[in-house]
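Please keep the structure open while reading.

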Amino acid sequence: MHHYHEIQSNIVQQVRGLVNRSSRGDSTSELHRQATRDLESAVSAWHNSFCRLIKFQREFILSLHGWFKLSLVPVHNDNINGRETSETYQFFDEWKLALDRVPDTVASEAIKSFINVVHVISSKQVEELKIKKRTETASKELEKKASSLRNLERKFYSSYSMVGISLPDSAPDNGQVLDARDPLAEKKIELATCQRRVEDEMLRHSKAVEVTRAMTLNNLQTGLPGVFQALTSFSSLFTEALESVCTRSYAIK
């Protein structure tokens with residue numbers, strides 16, 4: 001465990017040097033969203049497995065320690081070497097204390113913290129996708145209004161031309177008083193309003209894409225190294241504790 005966490009720690013240190021080169025149009029896709037969900041699930045499973053590993057090891061030695069204390073120590077028999085029994089009990093006792101002293105909470109909290117980091121990225125992606133959906137909906141509405149207005153214009157101007165009535169010079173801009181000679185002016189103002197709404201949504205989406213990309217890179221740069229540094233430190237101390245126990249076991253004849 002210690003060997004591989006050291007390698008992983010060295011690899012993720014390189015993440016700090018990454019630069020966000022994503023283009024502004026590279027928005028979050030459903031594949032990105034699914035990959036983030038999968039990562040969050042994987043890290044959650046990792047955290048659960050880590051906690052179970054430590055819990056089961058402590059429960060195992062606690063059971064051995066309790067069994068030896070209750071079953072062997074009280075036995076008085078000339079065939080049992082009292083010194084050997086005492087040394088064996090001390091061995092179990094030191095093994096139990098070694099596991100109790102291992103600072104697994106720091107590593108556990110580091111993994112849990114990274115789960116939160118990934119969850120924040122996931123939430124930001126959801127926000128971005130919602131804005132993207134609003135933008136697409138507004139664009140479809142604009143296209144529908146524009147198509148409807150074109151059809152009305154063809155009918156309206158065609159009927160005016162047929163009876164020889166002069167047409168209005170131009171449609172009024174938004175904010176101007178409606179021209180009574182142009183019954184389509186109100187529709188044109190509605191279209192202009194819809195156009196601005198689409199532009200606003202597109203701007204929001206563009207900014208959301210930039211925020212998501214920057215947050216994703218920043219969170220990974222700061223989150224991943226911390227996780228593997230904590231795990232490397234934990235596995236190093238865990239290794240030392242077990243080596244100490246093993247050394248103690250060698251002394252028992």
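**Cores, helices and charged pairs**

The largest nonpolar core contains 28 residues, and Phe-50, Trp-95, Phe-114, Leu-231 and Phe-234 have the most contacts inside it. Helix 2, helix 3, helix 4 and helix 5 (185-250) are the elements that contribute two or more residues to this core. Helix 5 supplies the largest share, eight residues. The model is a predicted one.

Leaving aside residues up to four places away in sequence, Phe-234 touches Met-1, Phe-50, Ile-54, Val-102, Pro-103, Asp-104 and Ala-107.

The secondary structure consists of five helices and zero strands, and the pattern along the sequence reads α-α-α-α-α. Of the 253 residues in the protein, 32% are buried. Among contacts with a separation of 6 or more, 87% are between residues 24 or more positions apart.

Helix 2 can be checked for its length. It covers residues 30-71, which is 42 residues, and at 1.5 Å a residue it should span 62 Å. Its end C-alpha atoms lie 60 Å apart, in agreement with that value. Which residues of helix 2 are buried? They are Arg-33, Thr-36, Glu-40, Val-43, His-47, Phe-50, Ile-54, Ile-61, His-65 and Phe-68.

Charged pairs come next. Side chains of opposite charge can pair when their charged atoms come close. The structure has eight salt bridges. In one of them, the side chains of Lys-55 and Glu-59 meet at 2.7 Å, N to O. Because Lys-55 and Glu-59 are four residues apart in helix 2, about one helical turn separates them. Lys-55 is partly exposed, at a relative accessible area of 42%, and Glu-59 is also partly exposed, at 37%.

Asp-104 and Arg-58 form another salt bridge, with their closest N and O atoms 2.7 Å apart. This pair links distant parts of the chain, since Asp-104 is in helix 4 (residues 104-163) and Arg-58 is in helix 2, 46 residues apart. Is Asp-104 buried or exposed? Asp-104 has a relative accessible area of 14%, so it is buried, given that buried means under 20%. Arg-58 has 23% relative accessibility and therefore counts as partly exposed.

Helix 3 (residues 82-101) holds both Lys-96 and Asp-100, which are four residues apart, about one turn of the helix. Their side chains meet in a salt bridge at 3.1 Å, N to O. Asp-100 is partly exposed, with a relative accessible area of 41%. Elsewhere, salt bridges with shared partners join Arg-134, Glu-201 and Arg-204 into one network.

The surface remains. The accessible surface of the protein is about 16,100 Å², and 56% of it belongs to carbon and sulfur atoms. Tyr-4, Ile-7 and Ile-11 make up a nonpolar patch on the surface, with about 320 Å² of accessible area together. Ile-11 lies in helix 1 (residues 2-13).

Note on methods:
Residues numbered from 1 in each chain as written. Predicted model: local features only at pLDDT ≥ 70, side-chain atom pairs only at ≥ 80, totals over all residues. Heavy atoms only, no water. Expected span 1.5 Å × (residues − 1). Buried < 20%, exposed > 50% of the residue type's maximum accessible area, 1.4 Å probe, protein only. Salt bridge = Lys/Arg side-chain N within 4 Å of Asp/Glu carboxyl O. Core = buried A, V, L, I, M, F, W, Y, C linked by side-chain atoms within 4.5 Å. Contact = heavy atoms within 4.5 Å. Patch = residues over 30% accessible without salt bridge, like charges linked within 9 Å, V, L, I, M, F, W, Y side chains within 5 Å. Areas by Shrake-Rupley, 256 points an atom, 1.4 Å probe, with all protein chains shown as cover.
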